[in-house]
Amino acid sequence: MLRNDVLGKEATLYTRLPSGRLRCTACARFCEIPEGKVGLCGVRGVVDSKLRLFVYGRVIAGHIDPIEKKPVTHYRPGSSIFSIATTGCNWLCKYCQNYDISQRRKIEGTEMTPEQVVDSAVNYGAEGIAYTYNEPSIFIEFARDCGIEAHKRGIFNIFVSNGYDTIESVNMMKDFLDCITIDFKGSGKQEFVRQFIGIPNADPIFQTLKNIRDKTTIHTEITDLIVPEVGDDLDAARKLCRFIYDELGPDTPIHFLRFHPDYKMMEFGNTPIETLEKHHSIAKEIGLKYAYVGNVPGHPLEHTYCPECKNIVIERYGFSIGSWNLDANNCCNRCGYPIPIIGKPNKIHKNRFQIIW
């Protein structure tokens, strides 16, 4: 039995089975948990016949980030974001750069109420809160309470998510979430996700995207971590891009991210830039209008280009916006083509990144 000081709060997303076990419905693993045990994520477990979220109100990390770091480029560009995380995760990624948080199976963190989380965001001058660094769906009840309070204060909410969700978690997202970036790894190829993530396939991610499309108005962007040799299959990337084009539409942004060695995959090198460029070319061939290369500061494919006249409408370097060439209605200032970006920066700023704790 867990200590009383780490019982957190009763979760919302679960059902009771005839066997007496509780089925967690926060993510697509659907862990069936007996009394006194926890799910794979390490933060949701059964105590006194109730599913408890042990990390409710326990924040393990808080950073001030630019929104472009998520990466999100078509929603509130130039915004400062208060990024928070808990311990635990529902994936077992061998390359995770946040493994000290996500793979930690110990309930730790600064105790904060939702009101205190939002107060911190306000005090640091953040315009949004991002639930990130580990999978936010595993602590979605806490994120929801923070997010509802954030909306009262005029602050928006972002999930940086693996998308391994359920219809129940998507329905809860409707209560508070404004933006989500879904992080594919290795383009969702089955062999890759089985070996390096520990899930049978990426099917629930594709279904989550359809559910978000059909049941919410949440702004959605896609990322795809391209791991050299084992996660750079061009056919898988083509399949992913075709799905995005057909199901989400050609205006959906996709970001191809450069891998760097970390955690249990130190023997791999950085993704060759040429590989990222090939993936970008596939996205453009499929018809996606806004494809980006990430983690390569200074690359010309960081910029947003007008699909009509090819003018650079937003110039970027890393997480910084260098120039903004859109009119008051976010149309290209050269040809008038409407660029589907929500909001505009209050000012063009230098790169910024601050670790709070």
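User: Among contacts between residues at least 6 apart in sequence, what share joins residues at least 24 apart?
Analyst: That share is 66% in this chain. Keep in mind that this is a predicted model.

User: Ok. How many helices and strands are there?
Analyst: The chain has eight helices and 20 strands. Its radius of gyration is 20 Å, close to the 21 Å that the globule rule gives for 357 residues, so the chain is as compact as a globular protein of that length.

User: And what box do the C-alpha atoms fill?
Analyst: Roughly 65 × 45 × 40 Å, taken along the principal axes.

User: What percentage of the residues is buried?
Analyst: Buried residues account for 59% of the 357.

User: What about charges, how many positive and negative ones?
Analyst: There are 43 positive and 43 negative charges, and their mean positions are 2 Å apart.

User: New topic: rings. How many aromatic pairs turn up?
Analyst: A search of the whole structure gives 13. One of them is phenylalanine 82 with tyrosine 124, a tilted pair with 6.0 Å from centre to centre and 40 degrees between the planes.

User: Where do those two sit in the chain?
Analyst: Phenylalanine 82 is in strand 9 (residues 80-85), while tyrosine 124 is in the loop between helix 2 (114-123) and strand 11 (128-131). They are 42 residues apart, so this pair links distant parts of the chain.

User: Buried or exposed, what's phenylalanine 82?
Analyst: Phenylalanine 82 is buried, at 0% relative accessible area. Tyrosine 124 has 37%, so it counts as partly exposed.

User: Let's switch to isoleucine 140. Where is that one?
Analyst: Isoleucine 140 is in helix 3 (residues 140-152). It's buried, with a relative accessible area of 0%.

User: So what does isoleucine 140 touch?
Analyst: Not counting residues up to four places away in sequence, it touches Leu13, Phe159, Ser169, Met172, Met173 and Phe176.

User: And histidine 279, which helix is that in?
Analyst: Histidine 279 belongs to helix 8 (residues 273-286), and it's buried with a relative accessible area of 0%. Leaving aside neighbours within four places in sequence, its contacts include Ser187, Asp232, Asp233 and Phe256.

User: Last one: cysteine 31. Where is it?
Analyst: Cysteine 31 is in the loop between strand 3 (22-24) and strand 4 (32-33). Its relative accessible area is 23%, so it's partly exposed.

User: Which residues does cysteine 31 touch?
Analyst: Leu22, Arg23, Cys24, Gly39 and Leu40, not counting residues up to four places away in sequence.

User: How far is cysteine 31 from tyrosine 99?
Analyst: They're 21 Å apart in space, C-alpha to C-alpha, and 68 residues apart in sequence.

Technical notes:
Residues numbered from 1 in each chain as written. Predicted model: local features only at pLDDT ≥ 70, side-chain atom pairs only at ≥ 80, totals over all residues. Heavy atoms only, no water. Helix = DSSP H or I, 4+ residues; strand = E, 2+ residues; numbered from the N terminus. Rg over C-alpha atoms; globule rule 2.2 N^0.38 Å. Buried < 20%, exposed > 50% of the residue type's maximum accessible area, 1.4 Å probe, protein only. Contact = heavy atoms within 4.5 Å. Lys, Arg positive; Asp, Glu negative; His and termini not counted. Charge placed at Lys NZ, Arg CZ, Asp CG, Glu CD. Phe/Tyr/Trp six-rings, centres within 6.5 Å; stacked < 30°, edge-to-face > 60°.
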